[in-house]
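I opened this model to look up its sheet, its helix contacts and a handful of single residues. My notes follow the order in which I looked.

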Amino acid sequence: MRFADLHLHTNFSDGTYTPQELINRVSTTGIESIAITDHDTVDGIPTAIEAANKKDIEVIPAIELSTEYDGLEIHILGYLIDYKKEELIDKLDFLKKNRQERIYKMLSRLKEMDVFIKAEDVFKLAGSGTVGRLHLARILLKEGYANSIYDAFAKYIGERAPAYVCGFHLSPYEAIKLIKDVGGISVLAHPLSMKRDDLIPLFIDYGMRGLEVYYPEHSKATTEYYKGLADKYSLLITGGSDYHGDAKPEVQLGSIKLPYALVEKLKEEKSKI
């Protein structure tokens, strides 16, 4: 059996490992095919491909786009994209600035709660990568405002917490169209977190082609449920660990091993475009 993990993050978004370090770790798991799905950036892909070639690991060019619909934060994965295409790069530059603005808005809300975090600390942690809530959570933990990453999200910046700001200037429709325009296949990430399965048919109408069925937070029953939905709507099935390195130590690399046959189905779908 060959195995894949189609949801991995590097330090180009909110993971803690460089692409090279991530590839080195993947090489010890028996996984032979991966997708780098950094948030709103493709900057880590070339380095990952170069490192993976030395380890006989396949890297599928991918991305995780953050979108907003009806006040909900919804993540759309794009697989087998042409990550060098100019229209994609231009849009990602816009989204990077959007993410920076969002951090300032959340810091303002935290200040109203007497939680004082410096913007420069968050941006320094993010480095040249796209900044996100996980960076802010790590600073909240470091400064003693939270006992864990989970606690930081629960108390302050989770979707139902007081300092949370959605504020993404990209809709699911726009994300799905963008992925299609750069030759990719769009998949709904961790659908359970959306808590709006009624939106799945709408996203299919937009052109979405798959569901992320295998995911660490999906129980066996949840996995079977989403497999059933994928079958019902003739959608592709994907999955991955959503590995972020030390930022989310409870998620282990190798915890999700996707049968390579599902990668082949993605490639078959790509061949139809």
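The entries below go from the sheet to the helices and then to single residues.

**Ground rules.** I am working with a predicted model, in which local features need pLDDT of at least 70 and side-chain atom pairs count only at pLDDT 80 or more, while totals for chains, interfaces and linings use all residues. Residues are numbered from 1 along each chain as its sequence is written, and side-chain values use heavy atoms, with hydrogens and water left out.

I looked up the strand order first, and found an open sheet of eight strands in the order 7-6-5-4-3-2-1-8, with mixed pairing. Strand 7 (236–239) and strand 8 (258–259) are the edge strands, each with a single partner, so one side of each has no neighbour in the sheet. For my own reference, helices (H or I, at least four residues) and strands (E, at least two) are DSSP runs numbered from the N terminus, and two strands pair if DSSP finds at least two bridges between them.

**Strand 3 and its partners.** I then followed strand 3 (residues 58–69), which pairs with strand 4 (residues 72–79) in the antiparallel sense over eight bridges. Leu65 has Ile76 in strand 4 as its bridge partner, and Tyr69 stands opposite Leu72 in strand 4. The hairpin of these two strands has two residues between them, and there Asp70 takes a positive phi near 55 degrees. With strand 2 (residues 33–36), strand 3 runs parallel, joined by four bridges, and the partner of Ile34 in strand 3 is Val59.

**Helix 1 with helix 2.** Two packed helices are described by the angle between their axes and the distance between the axes. Helix 1 (residues 19–26) and helix 2 (residues 45–53) pack at about 40 degrees, with their axes 8 Å apart; axes are lines fitted to C-alpha atoms, for helices over the stretch in contact, and angles run from 0 to 180 degrees between N-to-C directions. The two helices are therefore oblique to each other, given that angles under 35 degrees count as roughly parallel, over 145 as roughly antiparallel, 65 to 115 as roughly perpendicular and the rest as oblique. On the helix 1 side I noted Pro19, Gln20 and Ile23, which meet Thr47, Ala48, Ala51 and Ala52 in helix 2; contact means heavy atoms within 4.5 Å. The residues of this contact divide into five nonpolar, two polar and no charged, where Ala, Val, Leu, Ile, Met, Phe, Trp, Tyr, Cys and Pro count as nonpolar, Asp, Glu, Lys and Arg as charged, and the others, Gly among them, as polar.

**Helix 3 with helix 5.** Helix 3 (residues 86–112) and helix 5 (residues 133–142) pack at about 35 degrees, with their axes 11 Å apart. Arg102, Ile103, Met106, Leu107 and Leu110 in helix 3 meet Arg133, Leu136 and Leu140 in helix 5, and the residues of this contact are six nonpolar, no polar and two charged.

**Helix 10.** I also recorded that helix 10 (residues 220–232) lies across strand 6 (210–214) and strand 7, running at about 160 degrees to strand 6.

**Positive phi in loops.** Asp114 is not a glycine, yet has a positive phi of about 65 degrees; Asp114 is in the loop between helix 3 and helix 4 (119–126) and counts as exposed at 55% relative accessibility. Ser234, in the loop between helix 10 and strand 7, has a positive phi near 55 degrees and counts as exposed at 53%.

Asp151 lies in helix 6 (residues 149–157) and is buried, with a relative accessible area of 16%. Leaving aside residues up to four places away in sequence, Asp151 touches Ala146 and Tyr156. Asp197 lies in the loop between helix 8 (191–194) and helix 9 (200–206) and is partly exposed, at 24%. The C-alpha atoms of Asp197 and Tyr226 are separated by 9.6 Å, with the two residues 29 apart along the chain.

Conventions
Buried < 20%, exposed > 50% of the residue type's maximum accessible area, 1.4 Å probe, protein only.
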